[in-house]
Amino acid sequence: MALVEVKVPDIGDFDEVAVIELLVKVGDTVKAEQSLITVESDKASMEIPSSTAGVVKELRVKLGDKVKQGSVVLMVEASGEVAAAAPASVPAVAAVSAPVAAASVAVPAASAPVASGPVEVHIPDIGDFKDVAVIEIFVKPGDAIKMEQSLITVESDKAAMEIPSSAAGVLKELKVKIGDKVNIGDLLAILEGSVAAAAPVAGAASVPLPAPTAVPAAAVVTATVVAATTAPAHNPGASTLGLPHASPSVRKFARELGVPLEEVKGNGPKGRITQDDVQSFTKAVMAGATQTKAQAAKAPAGGDGAALGLIPWPKVDFAKFGPIERKEMGRIKKISGANLLRNAIMIPAVTNHDDADITELEAFRVSTNKENEKSGVKVTMLAFLIKACVAALKKYPEFNSSLDGDALVYKNYWHIGFAADTPNGLMVPVIRDADKKGILQISQEMGELAKKARDGKLSPAEMTGATFTISSLGGIGGKYFTPIINAPEVAILGVCKSTHEPVWDGKQFVPRLMLPLSLTWDHRVIDGAAAARFNAYLGQILGDFRRVLL
Ligand code: CAO
């Protein structure tokens, strides 16, 4: 059986296009017309199909390579079957429809006469496609349009392509809207102003479509053949390649920013990824609110320190010193570990320790629980702490803020997160609008959320949006600790077990129930004096809870 070179066909006006996907590998059996690679210009994505059936023996291109007409894509040991519409004499290739369209929308030569006044821009020859949907509009009336500037994206179930303007000028009127179906020759837009046009102008000049003869004959012949295999990447209904659903310009934009498009959620029609989606994703990554998969893979919970220029993490063969057992960490531990590491490294955090006298408050709590025994709702110190923190956050609003670049975002809501110890690791459910809730309601919600956390049933909504977090180890023990801030919050309160201590009342030592408080704060936002005041105020409230009402 003969070895056949499969080459890039006539792809119209495109000189060099980048290989963005390899759809086959060595050893694969391919059919005639099966797509082999996807190439992309800034105006269209297209697949290069095989003109022959057989077994792939060698790949001659790799991702990122630039190819053009005649470049050898791969070597196939042919089994005899060839693409139906590709005559044996034609190179073993087939052009795709997108380049046909692109070729056909080529703008007139620069030497074309210059016109002024209204100029119609029509949908050019878009190959064999009929009734293609307008899925994206890049311009609006009043915009200054350059020659060749993309005006809209159209999409069939096989390909997506941008339609460039064949003239320059100010956009007076756009004749299509999202969802419209368009065909060759349809009026797309009316421009006004100084225009380089290919046609003599008389009144409302019409910029003619490039003559069909401008399209390479071979491309016209093969377009039909390939229509069936072009760019399912842009077909949201049947994305057989699994490529993200986005227009070529959005792909290019994402590539320039290094954004992995497959990780971006599309908010456009039919889930298409828009430029805004790429921008939002980039912002979220930069703000640390999300990670790309590659970042997550590079930053295991333990971190390797390489990114900080540190010496490598010590690699020790523990088995040398005794029997060991290795267990993979759970998903939650890995995620929280990576977040804690980032927060510990990125935030210039300081911790202030203080004690609050909760003698009376504890007596009140115990009596409340006795009175409410039958209600089934148990009030713990944490519920009072949440309420007390809300009062302190209202008095010192920067503790309820977040950093956004050089600005502080003050939140006029008070959602309090509380760290919950669960079999899967640390989770932080959130009591929303704690300022509007009483102690009993907070206690009840806390009980429910803590149970959900332990059962692994918290929804994302129940774990997000906190403005401040409390981590209480009071039920377990300890004296003080240094909690890590739950970014993008700017402070966190750590609470340990209350104990009776001798306190000097001015005349004598008296036994008082003292609650150890540890407030960690972001020194970029808060200074030491403010932190000391926050703790002191919190202590006053816990010492006399009537202050919450003031
Ligand atoms: N001082 C003394 N006793 C305290 C106390 C305090 N500060 N806080 C709670 N207690 C007591 C409670 O009154 C209760 O006593 P009784 O059983 O006698 O009534 C007991 O400790 C257990 O309380 P709890 O822990 O069940 O309830 P809670 O409201 O205090 O806490 C929750 C709920 C979900 C926060 C807690 O169960 C938990 O998971 N804590 C761990 C949080 C954590 O891991 N933080 C560390 C994060 S940094 O790694």
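How far does a polar side-chain atom of arginine 365 lie from an oxygen atom of the ligand? The separation is 3.4 Å. The model is predicted, and this distance, like the other values here, is computed from it.

Threonine 380 also faces a ligand oxygen. A polar side-chain atom of threonine 380 lies 2.5 Å from an oxygen atom of the ligand. Serine 472 contributes through its backbone: one of its polar backbone atoms is 3.2 Å from a nitrogen atom of the ligand. On its own, the ligand has 960 Å² of accessible area, and the protein covers 67% of that. Around the ligand are 19 residues. Those that come nearest are Lys378, Thr380, Asp421, Ser471 and Ser498.

The nonpolar interior was examined next. In soluble globular proteins, nonpolar side chains tend to be buried together. The largest nonpolar core holds 54 residues. Within this core, Leu385, Phe399, Phe468, Ile470, Leu493 and Leu542 touch the most other members. H8 gives the most, with 12 residues. Another core lies apart and has 22 residues, including Val119, Val154, Ile163 and Ala189.

Leucine 493 illustrates how these parts meet. Neighbours within four places in sequence are left aside here. Leucine 493 is then in contact with Leu385, Cys389, Phe468, Thr469, Ile470 and Ser471, among others. Its contacts also include Pro483, Leu517, Ser518, Leu519, Asn535 and Leu538.

Asparagine 535 is found in helix H10. Is this residue, asparagine 535, buried or exposed? Asparagine 535 counts as buried because its relative accessibility is 2%, below the 20% cut-off. With neighbours within four places again left aside, asparagine 535 is in contact with Asn352, His353, Asp354, Leu493 and Leu519.

The cysteines complete the picture. Cysteine 389, a contact of leucine 493, has a relative accessible area of 0% and is therefore buried. Cysteine 496 has 3% relative accessibility, so cysteine 496 is buried as well. How many disulfides does the model contain? The count comes to 0, where a pair of cysteine sulfur atoms would have to lie within 2.5 Å to qualify.

Terms used:
Residues numbered from 1 in each chain as written. Predicted model: local features only at pLDDT ≥ 70, side-chain atom pairs only at ≥ 80, totals over all residues. Heavy atoms only, no water. Buried < 20%, exposed > 50% of the residue type's maximum accessible area, 1.4 Å probe, protein only. Core = buried A, V, L, I, M, F, W, Y, C linked by side-chain atoms within 4.5 Å. Helix = DSSP H or I, 4+ residues; strand = E, 2+ residues; numbered from the N terminus. Contact = heavy atoms within 4.5 Å. Near = heavy atom within 4 Å. Polar contact = N/O pair within 3.5 Å; in protein donor to acceptor, adjacent residues only side chain to side chain. Areas by Shrake-Rupley, 256 points an atom, 1.4 Å probe, with all protein chains shown as cover.
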